[in-house]
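This briefing goes through one protein model by topic. Please keep the sequence and the 3D view open while reading.

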Amino acid sequence: MTEAGLPEALVGDLRELARVRRLLVALDFDGTLAPEVDNPERARALPEAREAVLRLLALSSTRVALISGRSLASLEHVSGLPDNALLIGSHGIEIRLDNPDDAFVLDAEEEERRELLNEVLEEVADSFDNVWLEEKPAGFALHTRLASEHNSRVAHLVALSETQAELDDLKIREGKNVLEFAVRSTTKGEAVEHLRRYTKADAVFFAGDDVTDEDAFAALGAGDLGLKCGTGRTLAAHRVGGPPQVAQVLSLLATYRERGGPHEQ
Ligand SMILES: O=P(O)(O)OC[C@H]1O[C@H](O[C@H]2O[C@H](CO)[C@@H](O)[C@H](O)[C@H]2O)[C@H](O)[C@@H](O)[C@@H]1O
């Protein structure tokens, strides 16, 4: 461990990464920059994480992106980052780059499927105490954080069987106290690939905490750096304990990049 309490190998790889010419820093939001809270709209990045992200955003040849399961509107709201941050919401479905694309729209068939999904999931949410539905442009998240363990488990099972009885080809993802259903299928891995091409990055840093972030880790290659936040199986090469340590890592990356950034090579 280093003095800062970070693993030596991680610090060494961060130093290397900071030397690349064009760097993409891609970050998950909930559970990585922001500690988990009961009400998703109240989640905010730790002040230290936000400060580090703002320092990275100010650097040349360095792009910062958030890749989240949240809807783009919710991600814009809770992250409150300047316009030069690239934002990807709904696990890769909604994209806000430098020249904002047209608003995201579902085609007629997807719209119909979303309506049916809504009906089925509303009925499920209404049958359990403290289970609620978060609306997203291409689907819904069934939240069970405040439900009893038993109700949470049963609500997940009922939601899975009821939705699958009515609709095929749904994209279903399990997260922390949440089960998500979408009528369009994308992954955070596709989002990383898209951003890598868009930013022409020579290397990518990605940090995430949840199962859905594993798609992003899988999209990393030689010269990239993956950082798992918290417990659980992962494809990431490095791991830290939680959002405070992610903030430390981002701050160190900003410092290395400020000191010996791409133009000093
Ligand atoms: O990809 P992420 O940025 O990690 O977003 C994943 C989901 O985050 C939100 O739910 C999670 O965080 C909430 C706030 O801490 C927490 O209450 C909930 O239990 C977690 O599952 C968000 O509400 C979802 O839409 C995102 O998909």
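Which residues of the largest nonpolar core touch the most other members? They are Ala26, Ala65, Val246 and Leu250, in a core of 55 residues. The model is predicted. The protein is divided into domain 1 (8-103 + 187-264) and domain 2 (108-182), and the shell around the ligand takes residues from both domains, so it lies between them.

**Nonpolar cores**

- Leaving out residues up to four places away in sequence, Val246 touches Thr32, Leu33, Ala49, Ala207, Leu227, Cys229 and Val240.
- Another core lies apart from the largest one and has 19 residues, including Leu117, Ala138, Leu142 and Ala182.
- As background, nonpolar side chains tend to be buried together in soluble globular proteins.

**Domains**

- Between the C-alpha centres of domain 1 and domain 2 there are 28 Å.
- In the contact, 13 residues come from domain 1 and 12 residues from domain 2.
- On the side of domain 1 that touches domain 2, the residues divide into 6 polar, 4 charged and 3 nonpolar.

**Ligand shell**

- There are 22 residues around the ligand, and those that come nearest are Phe29, Asp30, Pro40, Ser68 and Gly69.
- Sorted by class, the shell has 10 charged, 6 polar and 6 nonpolar residues.
- At least two residues of the shell come from strand 6 (139-143), and at least two come from strand 8 (178-182).
- Why does the shell lie between the domains? Domain 1 and domain 2 both give residues to the shell around the ligand, so the shell has a domain on either side.

- Helix 2 (residues 47-57) has Ala49, Ala52, Val53 and Leu56 as its buried residues.
- These buried residues line one face of helix 2, because they fall within an arc of 100° when seen down the helix axis.
- Strand 1 (23-27), strand 2 (62-67) and helix 8 are among the elements that cover the buried residues of helix 2.
- Ser61 is not a glycine, yet its phi is positive, near 55°.

- The buried residues of helix 3 (residues 72-79) are Leu72, Ser74, Leu75, Val78 and Ser79.
- Viewed down the axis of helix 3, these residues fall within an arc of 160°, so they line one face of the helix.
- That buried set packs against strand 2, strand 3 (86-89) and strand 4 (94-96).
- Gly80 follows helix 3 and has a positive phi, near 55°.
- The loop between strand 3 and strand 4 contains His91.
- His91, a residue other than glycine, also has a positive phi near 55°.
- His91 counts as buried because 30 other C-beta atoms lie within 10 Å.

**Leu86 in strand 3**

- Leu86 is part of strand 3.
- With 23 other C-beta atoms within 10 Å, Leu86 is buried.
- From Leu86 to Val64 the distance is 6.3 Å, C-alpha to C-alpha, although the two are 22 residues apart in sequence.
- Setting aside neighbours within four places in sequence, Leu86 is in contact with Arg63, Ala65, Arg96, Leu97 and Leu195.
- One of these contacts, Ala65, is among the residues that touch the most other members of the largest core.

**Arg196 in helix 6**

- Arg196 belongs to helix 6 (residues 188-199).
- Is Arg196 buried or exposed? Arg196 is buried, because 21 other C-beta atoms lie within 10 Å.
- Not counting residues up to four places away in sequence, Arg196 touches Leu24, Ala201 and Val204.
- Arg196 is 24 residues from Leu220 in sequence, and their C-alpha atoms are 10.0 Å apart in space.

Definitions and conventions. Residues are numbered from 1 along each chain as its sequence is written. This is a predicted model: local features need pLDDT of at least 70, side-chain atom pairs count only at pLDDT 80 or more; totals for chains, interfaces and linings use all residues. A residue is near a molecule or strand if its C-beta atom, placed from the backbone, lies within 6 Å of it. Helices (H or I, at least four residues) and strands (E, at least two) are DSSP runs, numbered from the N terminus. Ala, Val, Leu, Ile, Met, Phe, Trp, Tyr, Cys and Pro count as nonpolar, Asp, Glu, Lys and Arg as charged, and the others, Gly among them, as polar. Domain bounds come from an automatic or database domain assignment. Two residues are in contact if their C-beta atoms, placed from the backbone, lie within 7 Å. A nonpolar core is a set of buried Ala, Val, Leu, Ile, Met, Phe, Trp, Tyr and Cys residues joined through C-beta atoms within 7 Å. A residue is buried if 20 or more other C-beta atoms lie within 10 Å of its own, exposed if 12 or fewer, and partly exposed in between; C-beta atoms are placed from the backbone. The arc is that of the directions from the helix axis to the C-beta atoms.
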